[in-house]
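Hello,

Here is the structure I promised to pass on. Please open it first; my notes follow below.

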Amino acid sequence: MTFLRRLAGPRCPSWRGLGVILLDSHGATPGLIPRVGVTQLPGGGRPLTGYTRTHTRRQHTEATDPVEVDLKRLDGEDAGIVEVLMCRHKARNALGHVFVSQMRELVSSLSHDSAVRVVVFRSLVPGVFCAGADLKERALMDNAESDLFVHSLRSLMTQIASLPMPTIAAVDGFALGGGLELALACDLRAAAYSAQMGLIETTRGLLPGAGGSQRLPRVVGLSLAKELIFTGRRVGGQAALELGLVNRATEQNQTGDAAYREALSLAREILPQAPVAVRMAKEAMNRGFEVDITSAMAIERMCYARVIPTRDRREGMAAFIEKRPPQYIGE
């Protein structure tokens, strides 16, 4: 798959003109995907769901695969926040081959981008974060192909979890199976009360295979994770908050993007902090959590040593002495 890498188009997918005819994700009848206008945040003047040509990542022709995952870099006061946009509308962001390939490419592009301070994963499909596995594609695979594809999903989730900057999942709808595993691969999660989350694989004769059996116990505790996985239970956003599955939860709004707004608010709290320090804090916690306390202290010392010579540390000290907000540059 060849992508023309440029910032272009007003939405995801970014098509020229008013729309483009394309086959849906399972080769069914063609549908028309229209452009969507810009929606502004109240009083803020920043785009919420519409994108100008300077914001989106690719321009496609009808000869290429439809865009199922895209990238948006915010600007102005939000410069440094990047959004990963999931927009496989017909299949409710199901984890198919094209979706996974495009997600892998975008995540790889972010991993070495020092200008990115926070990444928000969000869906442009109303009522859905990610519906999980593409069962129509999976039904066409033999056992070996299925095993290889699940391995690629597991690798993708590890790739997301390994991003050096903080990541936030905005769960405004269903996040089931692999969809919840994607959210669990992020550092933080915000959800609408109306969202539905669950690792439902045991109801399909499977177990979570893209990291969920390992990440859910680390988030909510082993005993509770066993209960949720053994039963395949779904929980709403408010219950998820009480269980510690999400960091923030809120009532859904009329535009259906309450979790995204909450995630963006959280990203804006992280944005002013020293980028190198935040990245090193993430590394210290992630690596230290997997080892004994003595080894974890050594990891903390190593990460701390990496921030001492930075210009941002000197700026932080100077700003404190001069009683002014610090201006961090990520160096």
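Val128 stands opposite Phe174 in β8. That places us in a predicted model, at the point where β6 meets strand β8 (residues 174-176). The two strands run parallel, and two bridges join them.

They belong to an open sheet of four strands. The order is β6-β8-β10-β11, and the pairing is mixed. Why is one side of β6 and of β11 left without a neighbour in the sheet? Both β6 (128-130) and β11 (235-236) stand at the edges with a single partner strand each, so one side of each has no neighbour there.

Helix α4 (residues 178-185) lies across β6, β8 and β10 (196-198). Its direction is at about 95 degrees to β8.

Now the cores. The largest nonpolar core has 49 residues. Which of them touch the most other members? They are Met103, Phe121, Met197 and Leu245. Helix α1 (residues 97-111) gives the most to this core, with six residues.

Leu245 deserves a look of its own. Beyond its neighbours within four places in sequence, Leu245 is in contact with Leu180, Leu184, Arg189, Met197, Leu216, Val219, Val220, Val235 and Ala240.

Last, the rings. With centres within 6.5 Å as the rule for a pair, the count of aromatic pairs is zero. Tyr260 does have a charge over its ring: the charged end of Arg122 sits there, 3.6 Å from the ring's centre.

Best wishes

Technical notes: Residues are numbered from 1 along each chain as its sequence is written. This is a predicted model: local features need pLDDT of at least 70, side-chain atom pairs count only at pLDDT 80 or more; totals for chains, interfaces and linings use all residues. Side-chain values use heavy atoms; hydrogens and water are left out. A nonpolar core is a set of buried Ala, Val, Leu, Ile, Met, Phe, Trp, Tyr and Cys residues joined through side-chain atoms within 4.5 Å. Buried means under 20% relative accessible area, exposed over 50%, partly exposed in between (1.4 Å probe, protein chains only). Contact means heavy atoms within 4.5 Å. Two strands pair if DSSP finds at least two bridges between them. Axes are lines fitted to C-alpha atoms, for helices over the stretch in contact, and angles run from 0 to 180 degrees between N-to-C directions. Rings of Phe, Tyr and Trp (its six-membered ring) pair if their centres lie within 6.5 Å; planes under 30 degrees apart count as stacked, over 60 as edge-to-face and the rest as tilted. A charge sits over a ring if NZ of Lys or CZ of Arg is within 6 Å of the ring centre and within 35 degrees of the ring normal.
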